[in-house]
Amino acid sequence: MLDRQHLKIIAAIYDYGTLTEAAGHLHLTQSALSHSMKKLEQHSGAPLWEKDGRRLRLTDAGNAVLNLAHRLLPQFEHTEEQLRQIASGKQGVLRIGMECHPCYQWLLKVVKPFLADYPGVDVDVRQKFTFGGLQALHGYDIDLLLTPDPLHLPSLQYEPVFGYEQVLVMSRDHRLAASEWVPPEALAEETLLTYPVEPSRLDIFSHFLTPAGCTVKKHKTIETTEIMLQMISAGRGIGALPKWLIEEQDGNLNLTTVRPGKNGIAKSLHMGFRKSDADAPFIRAFIGLARALGTP
């Protein structure tokens, strides 16, 4: 009853909102699109969308098909891309997703020897996902996920790459700069600068502030590492970042680090992949190169 074309049509209706735009995106006539979906509605006995002014809104039945489309269409595209690569003499494309914002430069040091060792494999690095890195990996949008916070599913496997310490970063003129470590309540009047990640997934909250029932005065998000470090150096706030990131700075910035709590926050960077790809030679090779490179 359901076929791939139905999934593509529902996804296009959701993305574009009108029959005209959806048909144009799919290179179909409106009549062909409507006829195809009408037959599905007749078989299922449930309408898939309803009019909402000039636009279309998916019904519960339509959303059920949309959920299936979001899971299956990337897998179709993944397999078709593999077939195209094989037909053209290439082994494929290794698509890497990143949930470690400061790791990009480190990752490039792994990519360079990998491309030399595997001339038939291209590399694509993705830092933004529609539904998050875990869903992107599970849904075949990426093949490897670089993350400090592995969330386990039966179909996925993670391997640690290197360990590191998460520290508080502040200017050398900060009132807490001379401390070896600080308790959670010491940050009550601080402005915390972080990457645009949900607070529940930020270690400074989940491992330090929230368990103690504490928080900060202000929480601001900044996308780029360079700007964040400049802001911290200028005394505009403090950050919570990997210690190695600060140690590799050239010294021109007015920065120092302090441990959050007596024991600090120990972390590990992991690479996740689908268990079905566990023996893929180029995935194994990339993880091996990453481990050999180790902590930045």
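Salt bridges, defined by a side-chain nitrogen of Lys or Arg within 4 Å of a carboxyl oxygen of Asp or Glu, number 14 by this rule. The model is a predicted one, in which local features need pLDDT of at least 70 and side-chain atom pairs count only at pLDDT 80 or more, while totals for chains, interfaces and linings use all residues. Residues are numbered from 1 along each chain as its sequence is written, and side-chain values use heavy atoms, with hydrogens and water left out.

One of the salt bridges joins Lys267 to Asp149, with N and O 2.6 Å apart. This pair links distant parts of the chain, since Lys267 belongs to strand E12 and Asp149 to the loop between E5 and E6, 118 residues apart; helices (H or I, at least four residues) and strands (E, at least two) are DSSP runs numbered from the N terminus. Both Lys267 and Asp149 are buried, where buried means under 20% relative accessible area, exposed over 50%, and partly exposed in between (1.4 Å probe, protein chains only). A salt bridge is also formed by Glu165 and Arg259, whose closest N and O atoms are 2.7 Å apart. Here too distant parts of the chain are linked: Glu165 lies in strand E6 and Arg259 in strand E11 (residues 255–260), 94 residues apart. Glu165 is buried at a relative accessible area of 18%, whereas Arg259 is partly exposed at 31%. In the salt bridge of Arg57 with Glu50, the closest N and O atoms are 2.8 Å apart; Arg57 is partly exposed, with 42% relative accessible area, and Glu50 is partly exposed at 36%. A network of salt bridges connects Arg95, Asp143, Arg274 and Asp277.

Strand E12 is mostly covered, 8 of its 10 residues being buried. E12 pairs with E6 in the antiparallel sense over 10 bridges, pairing being assigned if DSSP finds at least two bridges between two strands. Within this pairing, Gly163 has Ser268 in E12 as its bridge partner. E12 also pairs with E5 in the antiparallel sense, over 3 bridges, and His270 in E12 is the bridge partner of Thr147.

The largest nonpolar core comprises 41 residues, and those with the most contacts inside it are Leu94, Trp106, Leu144, Met271 and Phe286. Such a core is a set of buried Ala, Val, Leu, Ile, Met, Phe, Trp, Tyr and Cys residues joined through side-chain atoms within 4.5 Å. Helix H10 gives the most to this core, with 6 residues. Leaving aside neighbours within four places in sequence, Leu94 is in contact (heavy atoms within 4.5 Å) with residues including Phe114, Leu144, Phe282, Ile283 and Phe286. A second, separate core of 20 residues includes Ile9, Ile10, Met37 and Ala69.

Helix H10 (residues 281–293) has 13 residues. The helix reaches 18 Å from its first C-alpha to its last, close to the expected 18 Å, which is 1.5 Å times one less than its number of residues. Its buried residues are Phe282, Ile283, Ala285, Phe286, Ile287 and Ala290, and among the elements that cover them are strand E3 (92–98), helix H5 (104–117) and strand E12 (265–274). Gly294, with a positive phi near 70°, follows H10.

The structure holds 1 disulfide, a term for a pair of cysteine sulfur atoms within 2.5 Å. This disulfide joins Cys100 to Cys103, with an S to S distance of 2.0 Å. The link is right-handed, with 50° about the S-S bond, and both Cys100 and Cys103 are buried.
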